[in-house]
Amino acid sequence: MEIHIVTDAAEGAQAVADVFARTLQETAEAGTVLGLATGSSPVPAYTELIRRHREEGLSFAGARAFLLDEYVGLSAGHEQSYHRFIRENFTAHVDIDDAAVLSPDGSTADPAAEAAAYDRRISEAGGVDLQILGIGSNGHIAFNEPSSSLASRTRVVGLTRRTIADNARFFENPEDVPVRALSQGLGTIREARRIVLTATGEGKAEAVAQLVEGPISARWPATSLQLHPEVTVVVDEAAASRLELADYYRHTRRLEQAGSVTPHS
Ligand code: GLP
């Protein structure tokens, strides 16, 4: 893993946007496939990508995108649907074709069939070139809660009380938070060719420490990313505060920047 400890959200947004720009440049000819995440963590990076699109000509033309997850029971147009969130916060403001931004259909009558079909659609598109991720305070990625199989595929999941409580801030009443979601699985996510995970704040410090330094375990689903060859973790000082080897990561980062070690070793 490549660990970037940044001073603030703005520096983190630059680091994440740089990974997007590099991936777009490398894969545009074949048609970039992006994996997009919702939640508040990626928003500064999306804002920076929108700025680069408007001011520097960064283009998403020809790209396709797959969202990680969607609440079961919410229609695409629902205020809190992830379908809507990604458009409002990112894709409607860049030159990606709206029809090429896909997410699981939360309002389907058959969520299990929708999950399997969604997983297939990702493979049929040739897989994801770059997946951006946030992390839940309990170590979930997408909606893979603790106890998720490390080999899991897109499926219907029940949300933990902690996740429901964490996400209640987006809803008028805590009872309105859906209790199930359609989520890409840990196995599905790990098939992305490149992954960048971003987190800020003390509330994520334990999950980040487990992700980077903990034993691989379904108790902390994000630890499954240790099995992936190209993961960049962008965290601020607060989210990095429980990393035992933070000094080593800073040192390695300086060596990478100087070109004297290769990232992702
Ligand atoms: C939700 C999403 C995750 C996201 C997590 C953290 O549970 N399904 O993809 O990483 O929230 O959200 P935030 O970035 O707002 O803390």
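**Close-up views of the ligand site and an aromatic pair**

**View 1. Composition of the shell around the ligand.** The shell around the ligand in this predicted model is made up of 4 nonpolar, 6 polar and 3 charged residues, where Ala, Val, Leu, Ile, Met, Phe, Trp, Tyr, Cys and Pro count as nonpolar, Asp, Glu, Lys and Arg as charged, and the others, Gly among them, as polar. Of these 13 residues, Ser40, Ser41, Asp69, His140 and Lys204 come nearest, a residue being near if one of its heavy atoms lies within 4 Å of the molecule.

View 2. An N or O atom in the side chain of Ser41 is 2.5 Å from an oxygen atom of the ligand, and a ligand nitrogen atom lies 2.8 Å from a polar side-chain atom of Asp69 (a polar contact is a pair of N or O atoms within 3.5 Å). For Arg169, an N or O atom of the side chain is 2.9 Å from a ligand oxygen atom. The protein covers 94% of the 390 Å² of accessible area that the ligand has on its own (Shrake-Rupley method, 1.4 Å probe).

**View 3. The aromatic pair Tyr71 and Tyr82.** The structure holds 8 aromatic pairs, defined by ring centres within 6.5 Å, with planes under 30 degrees apart counted as stacked, over 60 as edge-to-face and the rest as tilted. The ring centres of Tyr71 and Tyr82 are 4.9 Å apart and the planes stand at 50°, so this pair is tilted.

**Notes.** Residues are numbered from 1 along each chain as its sequence is written, and side-chain values use heavy atoms, with hydrogens and water left out. Local features need pLDDT of at least 70 and side-chain atom pairs count only at pLDDT 80 or more, whereas totals for chains, interfaces and linings use all residues.

Note on methods. A polar contact is a pair of N or O atoms within 3.5 Å; within protein, one must be able to donate a hydrogen and the other to accept it, and residues adjacent in sequence count only if both atoms are side-chain atoms. Rings of Phe, Tyr and Trp (its six-membered ring) pair if their centres lie within 6.5 Å; planes under 30 degrees apart count as stacked, over 60 as edge-to-face and the rest as tilted.
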